Amino acid sequence: MWSRSDLLNSFLKDNSQIREKISLNARRFAENNFDIEEIGKRFNKLINQKFLFENKPKIAVAVSGGPDSLSLAFLAKCFSLVNNLSFY
């Protein structure tokens, strides 16, 4: 009897070309449809308008490792660099 992990490993091994194609297509989509500079500007504006209550706040971001968490961590780090703030 096959375990769940055996089935998953088999699928991933058998479909490595498909996974690579999906990854490449996702990267191309992101490169063509997302302006990281504009996203950063919007993030900076939003944080400055809505969430800063101190002159020199310390920023902490908890992440799970998923793409949304890592994106938030990246944007928060950029925000801290642009505004000369501590980032943890």
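**Ground rules**

This is a predicted model, in which local features need pLDDT of at least 70 and side-chain atom pairs count only at pLDDT 80 or more, whereas totals for chains, interfaces and linings use all residues. Residues are numbered from 1 along each chain as its sequence is written, and side-chain values use heavy atoms, with hydrogens and water left out.

**Whole chain**

Begin with a cartoon view. The chain holds four helices and two strands, in the order α-α-α-β-α-β along the sequence. Helices (H or I, at least four residues) and strands (E, at least two) are DSSP runs, numbered from the N terminus. Of the 88 residues, 14% count as buried; buried means under 20% relative accessible area, exposed over 50%, and partly exposed in between (1.4 Å probe, protein chains only). Among contacts (heavy atoms within 4.5 Å) between residues at least 6 apart in sequence, 65% join residues at least 24 apart.

**Helices H3 and H4**

Next, select residues 36-50, which form helix H3, and residues 67-82, which form helix H4. Two packed helices are described by the angle between their axes and the distance between the axes. The axes of H3 and H4 come within 10 Å and cross at roughly 70°, which makes H3 roughly perpendicular to H4. Axes here are lines fitted to C-alpha atoms, for helices over the stretch in contact, with angles from 0 to 180 degrees between N-to-C directions; under 35 degrees counts as roughly parallel, over 145 as roughly antiparallel, 65 to 115 as roughly perpendicular and the rest as oblique.

**The nonpolar core**

Now select Phe43, Ile47, Ile59, Leu75, Ala76, Phe79 and Leu85, the seven residues of the largest nonpolar core. Such a core is a set of buried Ala, Val, Leu, Ile, Met, Phe, Trp, Tyr and Cys residues joined through side-chain atoms within 4.5 Å. H3 and H4 are the elements that give two or more residues to this core, and H4 supplies the largest share, three residues. Centre on Ala76: leaving out residues up to four places away in sequence, Ala76 touches Phe43, Ile59, Val61 and Phe87.

How many salt bridges does a search of the whole structure find? There are two, a salt bridge being a side-chain nitrogen of Lys or Arg within 4 Å of a carboxyl oxygen of Asp or Glu. Select Glu37 and Lys41, which pair at 3.6 Å, N to O; both are exposed. Then select Arg42 and Glu38, whose closest N and O atoms are 3.5 Å apart. Arg42 is exposed at 60% relative accessible area, whereas Glu38 is partly exposed at 35%. Glu37 and Lys41 are four residues apart in H3, about one turn of the helix, and Arg42 and Glu38 are likewise four residues apart there.

Move to Ser80, in H4. Is Ser80 buried or exposed? Ser80 counts as buried because its relative accessibility is 2%. A polar atom of the Ser80 side chain lies 2.7 Å from the backbone oxygen of Lys77. Beyond four places in sequence, Ser80 touches Ile59, Leu85 and Phe87.

Finish at Ser69, also in H4 and buried at 13%. The side chains of Ser69 and Ser64 make a polar contact at 3.2 Å. A polar contact is a pair of N or O atoms within 3.5 Å; within protein, one must be able to donate a hydrogen and the other to accept it, and residues adjacent in sequence count only if both atoms are side-chain atoms.
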